[in-house]
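Please open the structure in a viewer and keep the selection panel at hand.

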Amino acid sequence: MGAPRDEGRPDPPEPAVSAVRAERLRLLAGLPEELSDREMLLHALLHATAELGGLSGMAHMRERISKREMVLVVSAGTAHPFTRAWDRISERGPVAPALSVQRGGYAYVPEAGVPTRFHGRPPGPVGPAAAPEGYGMAAVPLDGEDGPVGALSVVVPAAHAPGPGQRAFFEDVARWAGGRLRLTPRGPEGVSPGLLSGQDARAAADAPRREPEGEPDRGPEAVLVGNWTWDLRTGEVAIDRSQGTPSRPVSAEFHIDMASWDALVHPDDLPWVVAETSRAVRTRGVLDLEFRLRRRDGTYGWVRDHGHVVTDEHGTPVRVEGTTQDTTRTHDALESVGRALLHMSDGFLSVTGDGRIAFVNAAAERLLGPSRELVARPLWEAPVLRGAPGVREGCRRAVAEGEPVVFEVPGREDGQWYHLRLVPIPDGLTVYVADVTERHRREAERQAAERAAAQRAALMAGLTRALAEAVTARDVVDAVAGSVLPAFGASGLLVMRLERERLHLVGSVGYSRDFAERVHGMPLFSSVTGGAMRSRTPEFTESAAEFLSRHPQRDDVADADGKQAGAALPLVVSGRPIGVCVVSYDGPHHFGEDERTLLTALSGLVAQALERAGLYDAAATRARDLQRALLPRALPSSAALTAAARYLPAGQGADVGGDWYDVIPLSADRVALVIGDVMGHGIPEAATMGRLRTAVRTLSDLELPPDEVLAHVNDVVAELGEEAFTTCLYGVYDPTTQVFAYADAGHLPPAVALPDGTVTFPSLEPDPPLGVAAPPFGTEEVRLPEGSVLVLYTDGLVEEPGRDIDDGMGRLAQTLATALRDGDGLGGGPVGADRASDPERLCDRVTAALLPADRPAADDTALLVARTRALAPEDIAVWELPEDPIAASQARKYVRDQLDAWHLGEDLEMTTELIASELVGNVIRHARGPIRLRLLHSRTLICEVADGSLTTPHIRHASVTDEGGRGLQLVAAMARSWGTRYTATGKCIWTEQAIPADRR
């Protein structure tokens, strides 16, 4: 036999190896707590043998007292000739299991060898399998509270000794097994093996009792009983059987070794008997054990050991003295009780303290299955109860509280139910089980009927609530589709309104667009639902064949979009049919009496809701038509900017809002931009919006600055009443200075997107809304380089329930910046006619981002987007003129030279010289300086003369004898338009003249 060693081959490098080992440990950790020590050790050996690539595995337990020998308790993958040599091994020998206990750690022997027992007795004829050639043995100790209590060993090929990873795994398995060792009896306590199942009990009841061969005595002589003394130093057991009677004498005393005694103990009881005996010796305590002992005929009887430990003068245990009593008759008495329980009409089970089934009577077998599938299983793992909730908890509660626990659980078969009554007894439970499926079925039918009634009531209530909240006809269709179709399992819905003897489709679900277009506007007399409407009674069709039998001429709709059955429900209000509702199915469908009654009742609710929705839709249409009529039909074209606008009504509610916008051309190519919001919704608010828009346009014609315009509009709003509030932003963009000057009365600030992609909101602190504001209003000026985008909007765009207004403005800024960055035809580059639609695309992009079509808006929204332009410096000419009559001649010269430079002299020189001369002459005669002349070359030719006077010129109606007073008449005749506006230093008189198309 080779010398022991710890070295091993390295693990394979594959990363999957560690994953497999971890999975093995996870499987071991998941084993149920109820496993016996033998079952647990067997699982450990199987995994260890597989991981180490071994031939077989064994588990040895240390001998209970002297700690000189180790007893084989479990083996896996080994034949009897091999295990026979390893039944008992010396704890001090050189074999791997003993070495692992001696070292307290891993041991490996390259040759398995043949173990020698402590007392030097030969192992007997063990055969060639006892020491297989070419195989070694690896072992690890099983640790207990006071050190190793045993060892696990695996026979492995000597050429492939375990590597470090395999060794670590083997040690992990041993640690797990040592921690799980219970070393307590796992069999049914107080019940003989004959009572483990109904089948075994019946066999035991019918079998004749046999006396052991060669042993004429009965009772105590059937098994090894009597007083005994166990010498802990020699291991011998002396048994005194002198309890016989005079008529039946027995031998007085005989001796056996501990190995022979252990061989008589039932293998399932041996581990815990060894452990309990060792504990008694270690603690100098007493023994009180009941276990199974083998008779001479090979059967087992039950005995009970009572004993105590005797020590020497130094306190060292030297022997154990005790008595063995045969308790088989007590168990036989229990068997008679078991036979009575076996034939009970009710299901009865006996369950141990840890929940395992020990006895099943015939009635319980009929309910729960054969006893072979039940005995030794935990009650909650019985096949028909596996997964049933509360069984495990009920067992634990009954044992812990000592009170009966009663509950019902479902079986594994559909609809199966069992009534369980758990009654605690010493060391376990008695369980009474009954099949209550029929009672549950009747109860389920009753509850189903109640649920059906409740569902019908809930359906009516839900549809009533949904229809009460429905505002438009589309809302009615959605409410019916959401409530009726799922409740009746239908797949299609048509709701049609009767108008002038024709059925107009209001909405459909489950039908194609082509079919919907075919039925829309269908004459009532040719409609398949006409009969139901004329009779005002529902028409139920349960199949396509039934439909053809009623309407043979309408085979074109017999299988409309795959629909096979349906109910045509006339919608009647105050005795007047207003439409029809069709509920259809993809396949044939039988309409029960309850279903027909419920659908008929529901049709009345739908009719009332559709009538209300029709009135609302008409009122909402009129209101929105009014509002759209009050808004600009089209935005004016301007040389200063390109603009686009959107008005989006709220997604819900009949009332329109007071949001508005406007773009107003002013003199000198300037443009006024205005946006406002009248608080509230309804026709009065829309009318107020119209009045304010008209007032703003009128004030704009006076060429007033933004703050004065809002001051005058504030007076208009104040006259409307104390509850009239309006936010408004009014501004003027001047393409010659590229400045947007605006005043803000409680409105949100404009968004300014510069050509470089920067988006800002000017920081002007807004004044209070119109109606509560107190002029003067503040004014803010923002410089807008050419190609900038100016966005005016109302709060409906950036504010909604659940979204803060700052978040909305942030999303608006992000959308504008992204559009500029993506080069969406916005900002930068030359301006041309092909770019005129840029703000239109930006309007669509903003509304899509902030007001998705799938989410109804909570408020009306007005959006105005303007892309600015600048008048080139070479198209602007300005001159300062003296306050002298020669100023008129200078003006004519300046005009003549400039028009020649612009190549406009041939067309406009004469008229422009005359206009400039007359306007400058009026200043010299009627006003005061300084005098400034400005020409603007834009889409039109603009001539301006500014002075320091606030006097407004008027056209006089001069008589034929007057020598003057005809200058402005002449100007008005030669110019396309003219006017006066006030400036910060005085006034300015301006004229516009058309430029030929080829000169622009």
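Two residues are in contact when heavy atoms of theirs lie within 4.5 Å. Helices (H or I, at least four residues) and strands (E, at least two) are DSSP runs, numbered from the N terminus. The model shown is predicted: local features need pLDDT of at least 70, side-chain atom pairs count only at pLDDT 80 or more, and totals for chains, interfaces and linings use all residues. Residues are numbered from 1 along each chain as its sequence is written, and side-chain values use heavy atoms, with hydrogens and water left out.

**The whole protein**

Begin with everything selected. The protein has 25 helices and 38 strands. Of its 1000 residues, 49% count as buried; buried means under 20% relative accessible area, exposed over 50%, and partly exposed in between, with a 1.4 Å probe and protein chains only. Among contacts between residues at least 6 apart in sequence, 61% join residues at least 24 apart.

Next, colour by pLDDT, the predictor's confidence in each residue, from 0 to 100. The average for the protein is 80, and 83% of the residues score at least 70. Select residues 117–130, where the pLDDT is below 50; beyond near neighbours in sequence, this stretch has 26 contacts in the model. Residues 243–251 also stay under 50, and the model has 15 contacts for them beyond four places in sequence. Where pLDDT is low, the predicted coordinates should not be read in detail.

**Helix H18**

Select residues 683–701, which form helix H18. The expected span of a helix is 1.5 Å times one less than its number of residues. The 19 residues of H18 should therefore span 27 Å, and the end C-alpha atoms are 28 Å apart, which agrees. Buried residues of H18 include Glu685, Met689, Leu692, Val696 and Leu699. Which elements do the buried residues of H18 pack against? They pack against helix H17 (593–630), strand E25 (657–665), strand E26 (671–681), helix H19 (706–719) and strand E27 (726–734). After H18 comes Glu703, whose phi is positive, near 60°.

**The nonpolar cores**

A nonpolar core is a set of buried Ala, Val, Leu, Ile, Met, Phe, Trp, Tyr and Cys residues joined through side-chain atoms within 4.5 Å. Select Trp660, Tyr661, Leu673, Val713, Tyr730, Phe740 and Phe777: of the 48 residues in the largest nonpolar core, these touch the most other members. The largest share of this core, six residues, comes from E26. Now centre on Phe777; leaving aside neighbours within four places in sequence, its contacts include Leu710, Ala711, Ala743, Pro768 and Leu770. A second, separate core of 35 residues includes Ala481, Leu485, Phe488 and Leu569.

**The sheet around E33**

Two strands pair if DSSP finds at least two bridges between them. Turn to the open sheet of five strands with the order E24-E33-E32-E29-E30 and antiparallel pairing. Its edge strands, each pairing on one side only, are E24 (641–648) and E30 (759–760). Two bridges join E29 (residues 751–753) to the antiparallel E30, and Val752 stands opposite Thr760. Helix H21 (residues 805–821) packs on the sheet, touching E29, E30 and E32 (789–793), with a direction at about 20° to that of E29. Helix H22 (residues 838–850) also packs on the sheet, touching E24, E32 and E33 (861–868), and its direction makes about 35° with that of E24. Such angles run from 0 to 180 degrees between N-to-C directions, with axes fitted as lines to C-alpha atoms, for helices over the stretch in contact.

Then select E33 itself. How many of the residues of E33 are buried? Eight of its eight residues are. One side carries Thr861, Leu863, Val865 and Arg867, and the other Ala862, Leu864, Ala866 and Thr868. Eight bridges join E33 to E24, where Ala644 stands opposite Val865. Five bridges join E33 to E32, and Val791 has Val865 as its bridge partner.

**A second sheet**

Move to the five-strand open sheet in the order E14-E13-E17-E16-E15, again with antiparallel pairing. E14 (357–360) and E15 (405–410) are its edge strands. Six bridges join E13 (residues 347–352) to E17 (residues 428–435), and Thr352 stands opposite Gly428. Helix H11 (residues 391–401) lies across E15, E16 (417–425) and E17, running at about 175° to E15.

**Thr940**

Finish at Thr940, in strand E36 (residues 940–947). Is Thr940 buried or exposed? Thr940 is buried, with a relative accessible area of 7%. Leaving aside neighbours within four places in sequence, Thr940 is in contact with Arg976, Glu992, Gln993 and Ile995.
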